[in-house]
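Open the model in your viewer and keep the selection panel at hand. The tour goes from chains to single side chains.

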Amino acid sequence: MTIAPSSRVALFVTCLVDAMRPRVGFAALRALADAGCEVVVPEAQTCCGQPALNSGDRATATDFARRNVAMLESYEAIVVPSGSCAGTIRCHYPELLADDPQWAARAEAVAAKTWEILAWLDARGWRPEGVALEARATYHDSCSGLRELGIKAQPRRLLGAVDGLDLVPLAGEETCCGFGGTFCVKYPAISNAIADEKAAAVEATGAGLLLAGDLGCLMNMAGKLHRRGSDVRAFHTIEVLAGMADGPAIGEAQ
Amino acid sequence: MSARDAILARLGPVRDPAVLAAEAAALLAGEERERPAGGEDLVARFLAQLGQPSVAATHARIGSLAELPGAVSGYLAAEGAEPALWLPPDARVAGLDWSGLTRLADCPIDDGAVLAFARAGVAETGSLVFETSPEAPMLPNFLALRHIVVLEVAGLVRWLEDAAPGGAVPRAHYWVTGVSGTTDIEGTYVRGAHGPRFLHVVLVG
Amino acid sequence: MSRAFDARVDAALADRQLKIAVERTAGTAEAKRGVAIGAWPSFGAARERAAAIKDHVIANLGAYLVQFEAAATASGATVHWAQTADEACSIVVEICRKAGAKSVARSKSMLGEEIGLPHALEAAGIGRVETDLAEHIIQLAGERPSHIIWPAMHKTREQVSELFHARHREPHVEESIVAMAASARRQLRGEMLGADVGISGANFLIADSGQVCTVTNEGNAELSLVPPRVHIVTAGIEKLVPSMDHAVHLLRLLARSATGAALTQYTTFYAGPKRAGDHDGPEEMHIVLVDNGRSAMRDDGLAEMLRCIRCGACMNHCVVFRQIGGHAYGGTYPGPMGSVLTPALDGLAANRDLPNACTMNGKCQEVCPVAIPLPTLLRGWREKSWREGLEPVTLRSGLGLWAWAARRPWLYRAGVRWAIRAMRLAGRGWIAKLPFAGGWTGGRDFPAPAAESFMDRYRKGER
């Protein structure tokens, strides 16, 4: 990567983080500032359009793609605390706009400079400094980040620099948790069964913390764990890296 | 319009077969580099494959065909099986001394032992290669409980690509890679589902 | 969600026995495949090449069909063409009638299942003996296959034992799986050898030689196709490959992807009927080339689906299949590949749940030996469903409202404020019961949002 140290990046905070857990957004700001970035939060942002894309409403998804491309294209980079949203912008916007001569190149350009936040920080060589967390944690690889963006080693490298944090492997760490965006509301019974297996695997690690890079997955897994009476607490990885894991975990009053 | 005409019309114009053949061949260029590891020594690799759980073949090695009847008798005795077997109408059988064994007139429908000559063996997978011919009926190789296969070491090739016979296409060309097996009931492996339960390879040379 | 799909899913999820069976079959297959592929460093390159080979054949399907027909005919086989499932069944029944067949021996063929051949034979009064052990079990049970490689995976040993005790001439005495398999071996042997006609599918059709390739592990195929007077092959037109060497490349991928083995036990290439001097073999060989929507799939954006070599890896690794098993899908083919094929074969309106009941996690594409972009094809069905107005009104209006608001940031922000307030009425931390979200809170707790959204707090100067 050849981005200068003091880069001007846009934070695309994602609709889930915005509405459900702003702490993730503030953790992102803190980490990005620590990494020497000047961060701008574009005012007009709402959603990447994934719900429309996955529901088959291609027209709406394409409309969102155009809006977001226009909103983001003036920044040197766009950083996103979600593998699925970053994946939508990076992988799906170019595909949605491929046949539109006015937008195809612009979509490609924005896609090329959109990064999931953990991949971004790792690629810049940033590591959390002076961040300590005495805990045993386990990591779930969210599907879009893993398979669309190749996010696997980066979060583990970053977490490796957190003093006192013991990362133990999760059996079936690459197995889908059953969230699937609209899937969990359309087919709740199947989603529930998948989440049960994932929760059992998390409990079996003996870890006290569950970490991942996508809030939807985390809400799903944490909600299932809590319903099962588990003590496991869940955070978004960026919260840990920003030294904010001393606050309320997902589901605890914020 | 016949179904043939309708289907072909739907599929569109047919390109020059020579061009297609060249394209098809080009699609295999460099394919050898992608094959799973083939092992060094042909015999060692072949025997290692015979020992794989899904193949589960036993083997013996003899210096020449003259020792074959003895090797077969020995195998059947060690297995506690009847000293009887069915032999194919192959010229190589005629010259050997089968007096220690009962030669079955008809191939047994289920029980019993059957001998066959494999034209080749594939080290990559532990496969035995056969073709049908007047000297090589096909059915006995699937009916027998015990399948005893004779293979010359010189007939070993490394890769499946080398298994097919040159020249005219035979009526049936088939590879036997181990004993018949199934996991259809509760995923439990059972040998001898319909085909042979035992496969014994006699390597000659 | 359609009532029918709903009901099948609920039944499947409630079936403890099914879950055990699925884990035992698909879970084991996943583990074994993992070992085999882990030991094959060039798997990625090999599957890209396999995809290219199949794409080339599908793009030139007419030419390869013609080439195959000529070569197969030259070897003495008779080649038939069928546009539809009904046509294919009629051809098969007619051949059986001409042969005076009272019974046919069938080796496993998903294509035969797809075109409804068992039913057609029955309707024509022709006895049918399923010789593959799993197909035999489901024939006795009167059921359809629940997996493309292990059709009877949903049956317990007790259920199989009961069937065999009731229907075999000489059933097993000992209650063991070995004894049951031996009972089936006894029961089916005579029937295989005594059948007038043997019917098989084909794993590959070799264009340059006219050979038909079958891949099995029991030996039942050879025992049902060699003794009878007539051998009939029913094969989808997409099964073509240019040559034996192309077939070998795909065979290496097929067995490892399905069961983790280097190769299945029996790989047989047939070229025409018995020849002068042969001791065994059929007097007649017929090959029925079946379209049944494949040429349409090719033209309608599903060309990549035609690469499929029927290995079953996608379903073995699918989190949805692992919970609901094969019958819940309601069609011939289950799992991810079934979710793409069934709307094409049986219509989208009746099957729109299949492409929707998917988390889009992408594991299926990752394990597919011919790199089929299954999530993309499933999304394609969702798009078609949306365009045709098949999606439920509640979803369309809900999404429409959300999208309308999300295009107007100030309105969206107001909507988010309102939603936050509404959710926090139900609780400030973990919420056990959230109105209108029973699907979620039925099985898991819901984490309440913070009092204000990120964008509102950021605008107020929080950092």
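Helices (H or I, at least four residues) and strands (E, at least two) are DSSP runs, numbered from the N terminus. Select chain C: by that rule, chain C has 23 helices and 12 strands.

Some ground rules. This is a predicted model, in which local features need pLDDT of at least 70, side-chain atom pairs count only at pLDDT 80 or more, and totals for chains, interfaces and linings use all residues. Residues are numbered from 1 along each chain as its sequence is written, chains are lettered from A and ligands numbered from 1 in the order in which they are written, and side-chain values use heavy atoms, with hydrogens and water left out.

**Stop 1: chain C.** Its C-alpha trace spans about 95 × 55 × 45 Å along the principal axes. Colour residues 7-295 as domain 1 and 393-459 as domain 2; these bounds come from an automatic or database domain assignment. The C-alpha centres of domain 1 and domain 2 of chain C lie 51 Å apart. Of the 463 residues of chain C, 64% count as buried, where buried means under 20% relative accessible area (1.4 Å probe, protein chains only).

**Stop 2: the chain pairs.** Show all chains. Two pairs of chains are in contact, and B and C share the most contacts; contact means heavy atoms within 4.5 Å. Chains A and B do not touch, with their nearest C-alpha atoms 22 Å apart.

**Stop 3: B:E186.** Zoom to the loop between β10 (181-182) and β11 (190-191) of chain B, where B:E186 sits. Is B:E186 buried or exposed? B:E186 is buried, because its relative accessible area is 10%. Now pick C:R157: its side chain makes a polar contact of 2.8 Å with that of B:E186. A polar contact is a pair of N or O atoms within 3.5 Å; within protein, one must be able to donate a hydrogen and the other to accept it, and residues adjacent in sequence count only if both atoms are side-chain atoms. B:E186 also touches other residues of chain C, including C:R24, C:K155 and C:I177.

**Stop 4: the cores.** A nonpolar core is a set of buried Ala, Val, Leu, Ile, Met, Phe, Trp, Tyr and Cys residues joined through side-chain atoms within 4.5 Å. The largest has 80 residues; B:W175, C:F204, C:M305 and C:M337 have the most contacts inside it. Helix α12 (residues 244-258) of chain C gives the most to this core, with eight residues. Finish at a second, separate core of 78 residues, with A:M20, A:A27, A:L210 and C:A403 among them.

Notes
Buried means under 20% relative accessible area, exposed over 50%, partly exposed in between (1.4 Å probe, protein chains only). Lists of a residue's contacts leave out its neighbours within four places in sequence.
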